[in-house]
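Please consult the sequence and the three-dimensional structure together while reading this report.

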Amino acid sequence: MRPDRFSRESAVSEACCRISGDKFLYYNYSLLKNMNKSTEYLIKFRPLSALLIALATSPSLVLAAEAQSIEIVVSAKSEKPKTSPLSSKKVKSSDTAALLSDEAGVSLQTGGGVSSLPVVNGMADERLLICVDCMQITSACANHMNPPLSYIPPSSVGSISVNAGVTPVSMGGDNIGGTVVVESASPVFAENGKKLIQNGSFSSYYRSNNHARGVSITSSVASSKLSFGVTASHDRADDYVDGNGKKVTSTYYASNNLGLTLAAKTDTGVLTVKAGHQSIPGQGFVNQWMDMVDNDASYVNAIYKAGYGWGSLEAKGYYQNTWHKMDSGDDKLPVALRPPVSMPYMPMDTRGISWGYTLKTDMLVGQNSIVRVGNEFHRFTLDDWWPPVAGSMMMSPNAFVNINNGRKDRYALFAEWEAKIGDNVTTILGVRNEQVRMNVGNVQGYNNTATYSTDVAAFNAHDHSRNDSNWDVTAIARYQPSSTESYEFGYARKTRSPNLYERYAWSKSWMCSGMIGWSGDGNGYVGNQNLRPEIAHTFSVTGQWNDKNKSSWQLNVTPYFTYVHDYIDVELAGGKTFSAPGNEVRNILLFTNHKAELYGINLAGSVGVWNTERFGNGKIHGVLGYVHGIDVDNGNSLYHMMPLNMKLSLEQNLSGWTNTIEAQLVARKSETDPLRFEPKTDGYVLVNLSTAYQYRNMHIEVGVTNLLDKFYSLPLGGINYDNFLDSKKTERFDPLAGQGRSFTIGLTQTF
Ligand SMILES: [Cu+2]
């Protein structure tokens, strides 16, 4: 993954946090990796310009630029706020993962409308570590309907960044594919000696295709020592319509979010406490058997960052609690009740709690190096039970217990050494160990008939505790011979323990295994207690070239290769054939360790094409991603590999206006996983237009996505379960179609 606007903003915000008074760490990995400035520049880091970049992402903060940021005194006037890529994306989508869609190597696996599952260099979902305001949240759902990014709406996102593959061990463990870090807006303080400052914003948007609409407000009040902020948002949408004008059912959603921030500044650092609540009263999942009918979650987290003469200290803690309900949703229910009636009700409840802490310290050692050590603990507990259904022989009289008192604990220690060797080489070496402890209690079926009793007896006969000792190692060297080129070489060994469902989902029956799985493919999945953690060895090289001022052009090229030992793939354990005339077949698949290889290349670049008084400046941005993944043991393609894809955009900036035309090109998907009956999809080109205008503190943007109303199937969309249900399960599964043309309008007013 190469730097672009988002990752750079995040790096800046991280840098801001690391700076305390006039003491600051003179460089750190994220800065070097993402900002790609000369080391000298970093040593003489200029807070004002950095802060302005960070502020541009968050309209609510813009007016506070005259005040004091968390740890940097800004005395200059703010520049006129500019349209940021992030604010433009918030108008186009309510999917938080989609904020990353312009990053080379990032693609989106379709889930619910609130958040799809990000895929980075072919690694999806839980193969990535996703931190939301320092919280490591685990999906509390057998279908991963509530993934980490679903807990922060786009309107609350202050910064989002992705680091693929080779990431420093200090960024976290239990992942093999990389890290996504999302943060809500940082608190702002008044300047020393100044009275209270107040600021806020109001945003709203509408998208015509699915009548998506939403409002969000932010407001904060701060003295020089204390800061208090509140954010609230409401988003909802109906089902979208594809390029042929056909409604794609079970794509509706609604989401309500409330967040509070309280921050206090001490002599050495800043303590920030955030708490909030989310309610999702309904969210359709067109590629799943079930829908989300209720999701209620609350969280509290605290982070303390402090700088000292010897280095810095960071302490984080969090608690997050989810109550989740699935059943046939508003679109599926009437179809299932239409004769012949087919399983209209199947309530499934889960409760998940994620909590943990991280302690991390950066110590300056000599002139040119930092030693970073840390300790983390993360616990995820899960109960997953399916209440009995009155009148159903199959689903009564007991509750089906899928995961009973499940627990995954991770105890981690790491040490990392970052050093500047000579004038233009920086290295990072790190090692991390995680002790993973997993366990669940005994289970039961809906009743004691043979459908359940054999599996229950086999499962309950044995101890379920599993312990893994996972070692991660990262080595990165960055060589920057001049300000116009740099090269980074990286190797990482990274480890991920299975999740609770991969190890403990126990029923081999078609109906119950069919409820397990986050691939959107209609197959059934069965857990395997003999699974070993997956261990990935990743090699990557990044070359970056740019002009002297980085103002007219730049190019990043990152080829990568990953060999995964014990990759958690699947093998055939049974099947199900549906009725004529379609005679559709789905498999029951047992999670199994295989060997896998992934390789690919990411390109990102930009070039200025004009810069005149009359036409402002024009710039072309482009990203390209290619990935190939194979299960070495059975020779199949890995599931959900994004075909070759490219995005090209031409952007014009002219006195307050930002005009953009964008083309998204996706090649035909021909490499598919036969065990999952993955559909092949045709190539397509989508064209988007937008224009944005900034007038004082008001930002307005209008646009159209999929201008040509092109019909296309989503390469990572899985199957359309609703169409199958509508045929009374007698037709073949269709691949899931993407959204047709949509007109969008968005407005943000800061005050
Ligand atoms: Cu669910």
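The sections below describe the basis of the model, its nonpolar cores and its strand pairing.

## Basis of the model

This is a predicted model, in which local features need pLDDT of at least 70 and side-chain atom pairs count only at pLDDT 80 or more, while totals for chains, interfaces and linings use all residues. Residues are numbered from 1 along each chain as its sequence is written.

## Nonpolar cores

In soluble globular proteins, nonpolar side chains tend to be buried together. A nonpolar core is here a set of buried Ala, Val, Leu, Ile, Met, Phe, Trp, Tyr and Cys residues joined through C-beta atoms within 7 Å. A residue is buried if 20 or more other C-beta atoms lie within 10 Å of its own, exposed if 12 or fewer, and partly exposed in between, with C-beta atoms placed from the backbone.

The largest nonpolar core comprises 106 residues, and Val119, Val132 and Val182 have the most contacts inside it. Apart from this core lies another, of five residues, including Val188, Ala190, Ile197 and Ala222. Leaving aside residues up to four places away in sequence, Val119 touches Ser107, Leu108, Gln109, Ala124, His640, Met642 and Leu716; contact requires C-beta atoms, placed from the backbone, to lie within 7 Å.

## Two open sheets

Strands of a sheet pair through backbone hydrogen bonds, either parallel or antiparallel. Two strands count as paired if DSSP finds at least two bridges between them. Helices (H or I, at least four residues) and strands (E, at least two) are DSSP runs, numbered from the N terminus.

Three strands form an open sheet with antiparallel pairing, in the order 1-2-3. Strand 1 (106-109) and strand 3 (123-124) are at the edges with a single partner strand each, so one side of each has no neighbour in the sheet. Strand 2 (residues 117-120) is joined to strand 3 by two bridges, and Val120 stands opposite Met123 in strand 3.

Another open sheet has four strands in the order 5-4-7-6, with mixed pairing. Its edges are strand 5 (135-136) and strand 6 (157-164), each with a single partner strand, so one side of each is left without a neighbour in the sheet. Five bridges pair strand 4 (residues 128-132) with strand 7 (residues 178-184) in the parallel sense; Ile130 has Val180 in strand 7 as its bridge partner.

Strand 19 (residues 400-421) and strand 20 (residues 425-439) run antiparallel and are joined by 15 bridges. Glu418 has Ile428 in strand 20 as its bridge partner. The hairpin of these strands has three residues between them, and Gly422 takes a positive phi near 70 degrees there.

Strand 20 is also joined to strand 21 (residues 466-482), antiparallel, by 14 bridges. Asn433 stands opposite Trp471 in strand 21.

Notes. Two residues are in contact if their C-beta atoms, placed from the backbone, lie within 7 Å.
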